[in-house]
Amino acid sequence: MPRTALITGVTGQDGAYLAQLLLTKGYRVIGGYRRSSLPVTWRLDALGISRLVEMVPLDLLEYNNILDVVRTTEPDEVYNLAAQSFVGASFSQPLLTAEVNAVGALRLLEAVREAAPEARFYQASTSEMFGCPSKEPQDETTPFRPRSPYAYAKVFAHWAAVNAREAGRMHVSCGISFNHESPLRGTEFVTRKITSTLAAIRSGVATELRLGNIHAKRDWGYAEDYVVGMWNMVQQSIPGDYVLATGESHSVLEFVQCAAQALDIPLVWEHDGSTSVGLHARTGAITVRTDATLVRPTDVHALRGDAGKARTRLQWTPTVNFTQLVELMVRADRHAIRRLS
Ligand code: NAP
Ligand code: F7E
């Protein structure tokens, strides 16, 4: 009998890569998706797995819906990847973010405890929980100091998951993942916004890239590596919490520079107080510009993770470094634009 995995948020970046990984391992994959007026399977289509995943409507806002899905599908493993995952939007939609990311995770935990108590559970926790961290690099022992409604909702979900484990009720692991990106990343996140817009500028179908806080630093890895870590955690006989990170931190400005270089867009920078402009070195055209309206009310300034525990206990290591990540994302966006034109 193949093992059955239920993935919430299967239409998202990580959901798609995790579904692909589990299919290659012979799992029956149940993909929970949020109903909308349009099909949202473009990532599963891109990976060529839409027909292999059993799609079920599953909204983290609806307890009876979740309970019914867990009852009828009888999963051996449950991966909770569904979330309102955009930190920027959480400032204008804090209640929705809490309903989905915090109470939604608790609804799922309760439904699994009720209908499939033996199932192993993965909770997608996040480096955003560290906020303004008291130490660097951050590991599993670093205290949480969340800086956004997204982050404090995830802290709630994290502790709900940890408590379900510690109360001896369930096999629950949490991956405290640092930023991970790919060509399947949503274009509202800064990395994909940069690679898709600069690729469009390079092809002459866009003129300018507008950004908020370009001095923010993140530990960026490749999403396909991170879903391997998630699966590894769930396979451990003793559940636990693990940081997944590369250990390297780069600024948004460095990401822009690296992407521009990969696209042969030479930039010279002019900084004036809090404003920065990146000019095309040959034409003088304004190519990148900072925009104060894109700066968050509170931002996380710098994060860098220590994945030593995952390395030692899970034998997990990231395979794609910063430059390779930027280049592979640029290549994919360049290719997509060429296909359209
Ligand atoms: P993503 O691409 O934004 O995917 C989020 C998924 O959640 C989408 O499938 C979305 O559905 C679904 N969703 C949203 N609201 C829902 C609801 N009410 N009920 C059911 N599903 C809902 O995010 P991701 O990058 O794959 O991240 C996966 C998880 O890891 C998230 O929980 C995120 O917070 C967490 N995380 C991500 C990172 C990262 O760097 N990527 C790092 C740490 C933690 P639609 O397609 O309908 O929008
Ligand atoms: O921002 C700055 C922004 O939205 C990164 C989610 O997957 O990773 C992600 O959250 C940084 C921030 O990712 C723009 O202020 C500058 O400092 O790409 P982001 P995030 O907020 O780190 C964590 C680990 C998650 O858990 C989340 O779900 O870049 N920034 N200018 C900008 N960010 C955006 N989005 N757009 C800009 O124009």
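Two residues are in contact when heavy atoms of theirs lie within 4.5 Å. Keep that cut-off in mind for Y79. Leaving out residues up to four places away in sequence, Y79 touches A5, L6, I7, T8, L18, L22, Y122, M230, W231, V234 and Q235.

This is a predicted model, in which local features need pLDDT of at least 70 and side-chain atom pairs count only at pLDDT 80 or more, while totals for chains, interfaces and linings use all residues. Residues are numbered from 1 along each chain as its sequence is written, chains are lettered from A and ligands numbered from 1 in the order in which they are written, and side-chain values use heavy atoms, with hydrogens and water left out.

Now look at the cores. A nonpolar core is a set of buried Ala, Val, Leu, Ile, Met, Phe, Trp, Tyr and Cys residues joined through side-chain atoms within 4.5 Å. Buried means under 20% relative accessible area, with a 1.4 Å probe and protein chains only. The largest such core has 70 residues. Y79 is among those with the most contacts inside it, along with I7, L22, I194, L198 and V256. A second, separate core has 26 residues, including V56, A111, A119 and M170. In soluble globular proteins, nonpolar side chains tend to be buried together.

Helices (H or I, at least four residues) and strands (E, at least two) are DSSP runs, numbered from the N terminus. Just after α9, D264 takes a positive phi of about 55°.

Next, find G15 in helix α1, residues 13–24. Is G15 buried or exposed? G15 counts as buried because its relative accessibility is 1%. Beyond its neighbours within four places in sequence, G15 is in contact with I7, G9, V10 and L81. N80 is 65 residues away from G15 along the chain, yet their C-alpha atoms are separated by 9.1 Å.

Which elements each supply at least two residues of its shell? They include α7 (190–202) and β8 (209–211). A backbone N or O atom of S85 lies 2.7 Å from an oxygen atom of ligand 2. Nitrogen atoms of the ligand also meet the backbone: one is 2.9 Å from a polar atom of E188, and one is 2.8 Å from a polar atom of G212.

Methods: Polar contact = N/O pair within 3.5 Å; in protein donor to acceptor, adjacent residues only side chain to side chain. Buried < 20%, exposed > 50% of the residue type's maximum accessible area, 1.4 Å probe, protein only.
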